Amino acid sequence: MSKLIQRGVYALSLCVLMSLLATGASGQGKSRGGGGGNGGGNAGGPPPGMGADRGLGNASSHSNGRSDDGLNNSSTRSNGRSDAGLDRARQASSNLDKADDDLRDHPGVPKALHTNANDLRAGYQAALATNPNLTFGNYVAATRLGQNLGARFPNITRDAILNGLASGRSIGKTLQDLGLSEQQAKDERKRADAEIKAAKKH
């Protein structure tokens with residue numbers, strides 16, 4: 001009888017011990033899980049409301065005023081240069097087209113200038129890169145004047161006359177800048193024009 005009682009007490013004690021161990025393990029699991037849940041939201045990360053997106057947003061808003069203005073100003077300045085470059089290119093192309101028409105209609109002009117149409121055109125095209133507003137007529141006149149005057153006035157060359165035209169001076173004023181009197185400039189311009197006119201008839 002006493003053995004049966006002892007076995008019952010032992011079994012009961014064992015059940016109580018197992019129950020206590022199971023309850024302790026469950027409590028520790030909840031404790032760790034709760035700690036991870038409460039601390040995990042902040043531990044190792046930015047505080048609430050101070051995330052990376054918010055920081056970038058603030059930085060962007062603070063800098064956009066200056067950066068956008070800078071980009072807009074740069075774009076405006078660049079576009080100004082771009083537009084001016086396009087205008088110069090269009091003007092040069094238009095003048096070159098007119099030169100082609102002139103050369104086709106007046107094949108005698110290159111011969112009078114002791115050159116050929118291709119070389120005359122190429123020289124004019126090169127001059128347009130510096131002065132897109134240069135007309136073919138003024139280029140031909142500058143060429144003829146340089147040929148007529150170069151021997152007596154070595155500083156009066158086609159390039160020197162073209163430089164004067166590029167600076168905004170007329171042919172007559174440029175010739176005076178290069179050493180001719182006003183009357184000499186008029187006479188030489190008249191002579192060159194007459195020679196070119198005669199060449200156009202051939």
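**Asn 131.** I looked up Asn 131 in this predicted model and found that Asn 131 counts as buried because its relative accessibility is 11%, where buried means under 20% relative accessible area, exposed over 50% and partly exposed in between, with a 1.4 Å probe and protein chains only. Asn 131 sits in the loop between H4 and H5; I take helices (H or I, at least four residues) and strands (E, at least two) as DSSP runs, numbered from the N terminus. When residues up to four places away in sequence are not counted, Asn 131 touches Leu 165 and Ala 166, contact meaning heavy atoms within 4.5 Å.

**Ground rules.** I noted that residues are numbered from 1 along each chain as its sequence is written, and that side-chain values use heavy atoms, with hydrogens and water left out. Since the model is predicted, local features need pLDDT of at least 70 and side-chain atom pairs count only at pLDDT 80 or more, while totals for chains, interfaces and linings use all residues.

**Overall fold.** I recorded eight helices and zero strands for the protein, and from the N terminus on the elements run α-α-α-α-α-α-α-α. Of the 202 residues in the protein, 21% are buried. Among contacts with a separation of 6 or more, 57% come from residues 24 or more positions apart.

**Largest pocket.** I next asked which residues line the largest pocket. On a 1 Å grid over the protein atoms alone, a pocket is an open set of points where a 1.4 Å probe fits, with protein on both sides within 12 Å along at least five of seven lines, and lining residues have an atom within 4 Å of a point. I read its volume as about 150 Å³, a volume being the space filled by probe spheres set on the points, which are joined across faces, edges and corners. Helix H4 (117-130) and helix H6 (158-166) each supply at least two lining residues, and H6 gives the most, with five residues. The lining divides into five nonpolar, four polar and two charged residues, where Ala, Val, Leu, Ile, Met, Phe, Trp, Tyr, Cys and Pro count as nonpolar, Asp, Glu, Lys and Arg as charged, and the others, Gly among them, as polar.

**Aromatic pairs.** I counted two aromatic pairs, using the rule that rings of Phe, Tyr and Trp (its six-membered ring) pair if their centres lie within 6.5 Å, with planes under 30 degrees apart called stacked, over 60 edge-to-face and the rest tilted. Tyr 124 and Phe 136 make an edge-to-face pair, at 5.1 Å centre to centre and 65° between the planes. This pair links distant parts of the chain, with Tyr 124 in helix H4 and Phe 136 in helix H5 (residues 136-149), twelve residues apart. Tyr 124 counts as buried because its relative accessibility is 0%, and Phe 136 counts as buried because its value is 6%. Tyr 124 and Tyr 139 make a tilted pair, at 5.5 Å centre to centre and 50° between the planes; here Tyr 139, in helix H5, is 15 residues from Tyr 124 in helix H4. Tyr 139 has 2% relative accessibility and therefore counts as buried. Through these ring pairs, Tyr 124, Phe 136 and Tyr 139 are linked into a cluster.

Leaving aside neighbours within four places in sequence, I find Tyr 124 in contact with Asn 95, Leu 96, Ala 99, Leu 134, Thr 135, Phe 136 and Tyr 139. With residues up to four places away not counted, Phe 136 touches Ala 99, Asp 102, Leu 103, Leu 120 and Tyr 124. The C-alpha atoms of Phe 136 and Ala 99 are separated by 5.6 Å, although these residues are 37 residues apart along the chain.

**Nonpolar core.** Which members of the largest nonpolar core touch the most other members? Of its 31 residues, they are Tyr 124, Leu 134, Phe 136, Tyr 139, Ile 161 and Leu 175; such a core is a set of buried Ala, Val, Leu, Ile, Met, Phe, Trp, Tyr and Cys residues joined through side-chain atoms within 4.5 Å. The elements giving two or more residues to this core are helix H2 (52-105), H4, H5, H6, helix H7 (171-177) and helix H8 (182-200), and the largest share, seven residues, comes from H5.
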